[in-house]
Amino acid sequence: MPREITYREALREGLDEELAYDDNVVIIGEEVAEYNGAYKVTEGLWKKWGDKRIIDAPISEAGFIGMGIGASMLGIRPVMELMFFSFAYVAFDQMMNNAAACRYMSGGLINVPIVVRGPANGGTNVGATHSHTPENIFANMPGLKVVTPSDAHDAKGLIKSAIRDNDPVYFMESTVLYGMTGLVPSNDELEDGELIVPIGKAKVKREGSDLTLIAHGRAVVTCLAAAEILAEKYKINAEVLDLRSIRPLDEEAIMTSVRKTHRAICVEENKPFCGVGAQISSMIMEQCFDDLDAPVLRITSADAPAFYSPPIEKLQLPNPEEIVERALSIC
Amino acid sequence: MASKTANQKTVAFADAPINQSLSAGDKIDLLRTMVRIRRFEQTSLKHYHNGSIGGFLHLYIGQESVAVGTISLLGDNDHVITAYRDHGHALAVGMGMDECMAELFGKATGCSKGKGGSMHYFAPDKNYWGGHGIVGGQAPLGAGLAFAVKYKGLEGCCLCYLGDGAINQGAYHESLNLASLWDLPVIYIIENNGYSMGTSQVRSSAYPKEGLAARAEGYNMAWDKIDGVSLYEIRAGVQKAVERAHKESRPSIIEILTYRHKGHSVADANAEKYRTKEEIQKYMNEHDPIEFWKSTLIAEGVITEDDYKEINKEAGAEADAAADFAIKSPYPEESEIFDHVYWEVDNNTAAGRTGRHFFHG
Ligand SMILES: Cc1ncc(C[n+]2csc(CCOP(=O)(O)OP(=O)(O)O)c2C)c(N)n1
Ligand SMILES: [Mg+2]
């Protein structure tokens, strides 16, 4: 029977299963062990797996992420938790140079099977320093993979794929999604006995015929809400495509949907300049120019650092009303 | 010629058990490796000047004893990682001159298939993990290699080399804290050649009077300071740290005093401006580790001047042959640009075939 569990629990199940699957999997991060995780994702894992597998790190992101990269070169599979993905910036050299380029610069002699995971979202009134969404920044670097699950099912299936992947995977979650529930199959009802969601495969979350809303992470939830309004109030049938992975990117799913609906809006919580939607709209323009009945639109966060004031920060992020309004402008 | 006082000091370190265990053949091998490194680099310099080698070329000339002495102490579960001044360590771990030279020439036969260049040599099969171009960036990786050795329950360690300038990077300090906190068998070797590019030690670092390694005290870590002219002294000192790593899984910092004869890189136009000619000459005369070891071995009756000449000649011929090999080797194909970005793509796995990985064109 599928169970209704939270995104957080789903992640934890995935981590727990991978700890059992491979002795070389080790979870390292600030407060992941004794404190049970700043956001409780790793709750109970230290008690179950002990000091060797679940390790509390000092506040030293460049140090421990770099250390994880070094360990992964020798076959350890470190899963590093960033309390906030915003803190990746203090480990930027390790994450951009050492993780991404060691394989290339060694002519393929080395690989770096590390996962760096943590929440990457705005909207929780923690100010600019804690609200970064760097998926576009890391996806810009060849050698890195960027994954952004939007629901409990994918959180579990993708974390398992990420840990088994032999390349560095940056796994971006959302504190807003952690508490959201979703249906996740139990292993005994699955043919393979476990839930694996491949990296690089998008998912149609809502079928539609008039317009494609392309999103990832929490923006998928926003798009689904917008699609309901469009259907009820305006008889517009929007398709919602959840990218799930940013790099590798499911280009085929994007183009298939756009060829069907002839209209597209890229929605993301990233900033606009060179955001994920910028890449995708350029690809749609190149590959689906003749299929389009309207220009491809992009909806992003407002182009300013995250505002603390709760009512104002809300306005910075994409919301269903804005999506509806922009959709009406091209439908 | 090496000074008399230095020679007297060396006699004391020669008595250390780790040095007593060296056979005459071992001693000659150490000499040979140092000479091979020097001849390799002298040959590479020639080809840099004739335009066959691009980019940076950071020569190790004058510092050979550090890599050779320390690496001579290592066994199967011990690992090595260093910065961009990496040719010496590469040859010391047993990489061949051919693949090292071809890498400088950007050839497909290079150790990194032409993708890394001078600063980015790798040989994981020889426990050699680079070759890193970002100053201090390898420090956490060294801790990680040590972490992996320990995690696997092996008795081993990682030697992580860095310069006297690199010790001011945050990543190094974070690594020291982790290494001591988590009992990692990592040994940070500060190759103190007195300068980070054109900036002298005193202009770049604040440190206690005992020296750069003494910062270890703040991390509750063992440290030592060693004169790098003598292989005996390096081996005797670093052996203690290797032992500490192997038996107690405790980290160390070892500062080894050394000197680079050449500029920071071949492109260093100021090589004789921030250091006086007299200073350089003094070190070349009195602190050349090859001259020093050679005279030690002659004094011990292990070699003769003629033996040395022969070793030098052979190393020179080997370096010339390596250059020949590099010249005759093909450049990589343009199609190789997209190889070695993703393991999963290279290995044509299901993951490597899923989704678009590259976005050009
Ligand atoms: C992060 C970073 N900053 C600056 C440089 C440029 N740079 C390369 S080597 C170097 C000097 C380093 O000196 P030291 O650590 O003493 O090593 P040495 O060159 O003497 O072996 C500098 C400034 C770099 N490669 N990386
Ligand atoms: Mg230096």
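Predicted model: local features only at pLDDT ≥ 70, side-chain atom pairs only at ≥ 80, totals over all residues.
Local features need pLDDT of at least 70 and side-chain atom pairs count only at pLDDT 80 or more, while totals for chains, interfaces and linings use all residues. Residues are numbered from 1 along each chain as its sequence is written, chains are lettered from A and ligands numbered from 1 in the order in which they are written, and side-chain values use heavy atoms, with hydrogens and water left out.

**The sheet in chain A**

Let us begin with an open sheet of five strands in chain A, ordered 9-11-10-13-14 with mixed pairing. Its edges are strand 9 (203-206) and strand 14 (297-299) of chain A, each pairing on one side only. From one strand to the next, the twist averages 25°. Helices (H or I, at least four residues) and strands (E, at least two) are DSSP runs, numbered from the N terminus, and two strands pair if DSSP finds at least two bridges between them.

Here are two of the pairings:

| Strands of chain A | Sense | Bridges |
|---|---|---|
| Strand 9 and strand 11 | antiparallel | three bridges |
| Strand 10 and strand 11 | parallel | five bridges |

How many of the residues of strand 10 of chain A are buried? Five of its five are, where buried means under 20% relative accessible area, exposed over 50% and partly exposed in between (1.4 Å probe, protein chains only). A:L211, A:L213 and A:A215 lie on one side of strand 10 of chain A, with A:T212 and A:I214 on the other.

Contact means heavy atoms within 4.5 Å. Among the buried residues of helix 8 of chain A are A:I254, A:M255 and A:V258. The buried residues of this helix also pack against helix 9 (276-288) of chain A. After helix 8 of chain A comes A:H262, with a positive phi near 65°.

**The cores**

A nonpolar core is a set of buried Ala, Val, Leu, Ile, Met, Phe, Trp, Tyr and Cys residues joined through side-chain atoms within 4.5 Å. The largest has 88 residues, and those with the most contacts inside it include A:F85, A:I254 and B:F147. Helix 7 (residues 138-151) of chain B gives the most to this core, nine residues. Domain 1 (3-189) and domain 2 (203-330) of chain A both contribute, so the core lies between them; the domain bounds come from an automatic or database domain assignment. A second, separate core has 63 residues, including B:L45 and B:V266.

**Where the chains meet**

The contact takes 61 residues from chain A and 48 residues from chain B. Together the chains bury about 4,300 Å², 65% of it on carbon and sulfur atoms. Buried area is the accessible area (1.4 Å probe) that two parts lose on being put together, summed over both. A:L74, A:Y104 and A:M105 supply 17% of the area that chain A buries against chain B, more than any other three residues.

Note on methods: Axes fitted to C-alpha atoms, helices over the stretch in contact; angles between N-to-C directions.
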